[in-house]
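Hello,

Here is the structure I promised to pass on to you.

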Amino acid sequence: MPRTSEEFEEFAVARTPQLYRAAWLMCGDAHRAEDLVQDTLAKVYVRWHRRLGAPIEHPVAYAHTTLARTYLSAQRRRSTHETPIEHLPEKAGPGGDAATGLALRAALDELAPMDRAVLVLRYLEDVSVADTAEALGVSPGAVRNRTLRALDRLRVVLGPSLRDLLET
Amino acid sequence: MTAHDTGVTELLRQASDGLTPDVDRLVSGGISRGRSRQRRARIGTTVASLAVIGVVGGLAAVVPHLGGADSAPGPGIATDGATAIETPTVAPPLPAATERALAAFSTADVIATVNQIVGTALAADPRPTDTVVDDPDEKVVYFPYGGMESAVGMGFNHLPSVARCNEMNSHLGGSCTGLADGTVQLTWGPTLADGVTCQGVSAYRYGYVVWANSCNAAAGKDSPPLAAEPPLSLDELAAIATSEVWFG
């Protein structure tokens with residue numbers, strides 16, 4: 001039995017803040033994050049209302065997997081079709097802790113899109129290695145390697161300020 | 001997780017704390033994009049179905065002419081050797097400007113509207129066992145009319161022409177006609193199946209189909225007939241299917 005539109009809206013309203021948070025960390029850009037969230041909601045909407053097949057078993061996990069895949073897919077398109085000339089200055093983004101936001105953004109910018117997606121799923125969403133691997137279509141070993149590489153890269157970029165940032 | 005791992009989680013949370021997305025705008029944007037995706041998918045499905053039907057129809061016409069002992073016509077059957085096989089063509093979907101949205105109807109509204117169009121009070125609320133679909137892009141309401149099963153449905157459907165309508169329904173029976181306002185109308189029945197006689201009319205326009213059926217029994221299958229024929233005549237079903245009221 002397909003779920004109703006009202007149920008979808010309730011789900012979307014409840015999950016959008018967290019989806020946006022993940023999207024912002026992946027994209028590092030408020031506008032692209034909004035676009036990514038809306039694309040994700042659109043895909044979940046279509047799947048939610050599909051008449052054939054079983055309903056989505058774990059909508060939250062499904063939405064976050066869709067978000068990560070949509071992000072990676074968009075990154076692939078961007079890398080083949082777009083040549084950025086310069087980075088537009090982005091506002092600090094989150095109003096709460098501008099310094100942390102800017103420092104982390106700079107560090108995340110150094111990571112490959114797949115590594116960012118791995119970090120967000122593993123550490124923000126607390127998704128297991130196996131589920132992250134399944135969501136991103138890579139092996140669990142690749143997830144572990146990418147995680148280590150991303151953490152090493154963060155350590156290098158953030159350096160000693162990582163401890164300071166965590167203490168602020 | 002190690003202490004360092006926990007630190008990363010905390011760092012990600014801190015960095016993204018204080019984000020204040022416009023949730024309502026994002027949700028309504030997501031739903032709007034989702035509906036567009038659904039619509040595009042349905043256009044694709046419809047076009048693909050029409051193409052398949054066209055190809056199958058074309059093959060069915062071609063195969064007997066391919067020669068071989070099995071395909072040779074029997075004696076005494078006249079054939080036209082110059083029969084042209086029309087290449088199936090699929091008309092593009094109607095431009096968006098010609099589409100109109102379905103009016104927002106509740107189930108109760110559908111029942112009341114049927115009574116209003118037909119000028120009776122015989123349409124009653126759906127029974128617990130009746131199918132009701134109430135989605136933004138599709139509505140289906142089965143209900144008793146004079147105690148006998150009837151139904152009204154409407155949903156997204158681009159049907160490009162009367163020819164296609166006939167092609168699609170040739171194996172099911174029924175006939176298609178083009179109305180002056182561009183509506184393609186399919187009329188079928190009365191047909192007897194599973195001991196029940198049913199008939200119906202579908203009207204395709206504005207990128208939608210509105211259909212109305214009526215049967216002469218309490219249920220459409222294996223149910224004793226309660227009348228000689230369905231309570232809603234083909235004229236009444238046509239009036240329901242072609243009513244402008246569904247589009248507001």
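**A loop glycine in chain A**

Gly137(A) lies in the loop that links helix H6 (129-136) to helix H7 (140-158) of chain A; helices (H or I, at least four residues) and strands (E, at least two) are DSSP runs, numbered from the N terminus. Before going further, please note that this is a predicted model, in which local features need pLDDT of at least 70, side-chain atom pairs count only at pLDDT 80 or more, and totals for chains, interfaces and linings use all residues. Residues are numbered from 1 along each chain as its sequence is written, while chains are lettered from A and ligands numbered from 1 in the order in which they are written.

Back to the glycine: Gly137(A) is exposed, because it has 12 other C-beta atoms within 10 Å (buried means 20 or more other C-beta atoms within 10 Å of a residue's own, exposed 12 or fewer, partly exposed in between, with C-beta atoms placed from the backbone). From Gly137(A) to Arg69(A) the C-alpha atoms are 8.8 Å apart, with 68 residues of sequence separation.

**Where the chains meet**

Chain A puts 32 residues in contact with 27 residues of chain B (contact: C-beta atoms, placed from the backbone, within 7 Å). Helices H1 (5-27), H2 (30-48), H4 (98-109), H5 (113-124) and H8 (161-167) of chain A each give two or more residues to its side. H1(A) supplies the largest share, ten residues. By type, that side of chain A has 18 nonpolar, nine polar and five charged residues (Ala, Val, Leu, Ile, Met, Phe, Trp, Tyr, Cys and Pro count as nonpolar, Asp, Glu, Lys and Arg as charged, and the others, Gly among them, as polar).

**Two crossing helices in chain A**

H5(A) packs against H7(A) at about 95 degrees, with the axes 9 Å apart (axes are lines fitted to C-alpha atoms, for helices over the stretch in contact, and angles run from 0 to 180 degrees between N-to-C directions). H5(A) is therefore roughly perpendicular to H7(A), a term for angles of 65 to 115 degrees; under 35 counts as roughly parallel, over 145 as roughly antiparallel and the rest as oblique. The contact between these helices divides into five nonpolar residues, one polar and four charged. Met114(A) and Arg122(A) are among those on the H5(A) side, and Val143(A) and Ala150(A) among those on the H7(A) side.

**Strands in chain B**

E2(B) pairs antiparallel with E3(B) over eight bridges (two strands pair if DSSP finds at least two bridges between them). Pro144(B) is set opposite Glu149(B) in E3(B). The two strands form a hairpin with two residues between them, and Gly146(B) in the turn has a positive phi of about 60 degrees.

**Backbone points to check**

Most residues other than glycine have a negative phi, and most peptide bonds are trans. Asp126(A), in the loop between H5 and H6 of chain A, has a positive phi near 60 degrees. Tyr206(B), in the loop between E6 and E7 of chain B, has a positive phi of about 55 degrees. Asp126(A) is exposed, with 10 other C-beta atoms within 10 Å, whereas Tyr206(B) is buried, with 20. A cis peptide bond, with omega about 5 degrees, links Gly189(B) to Pro190(B).

Best wishes

Key
Contact = placed C-beta atoms within 7 Å.
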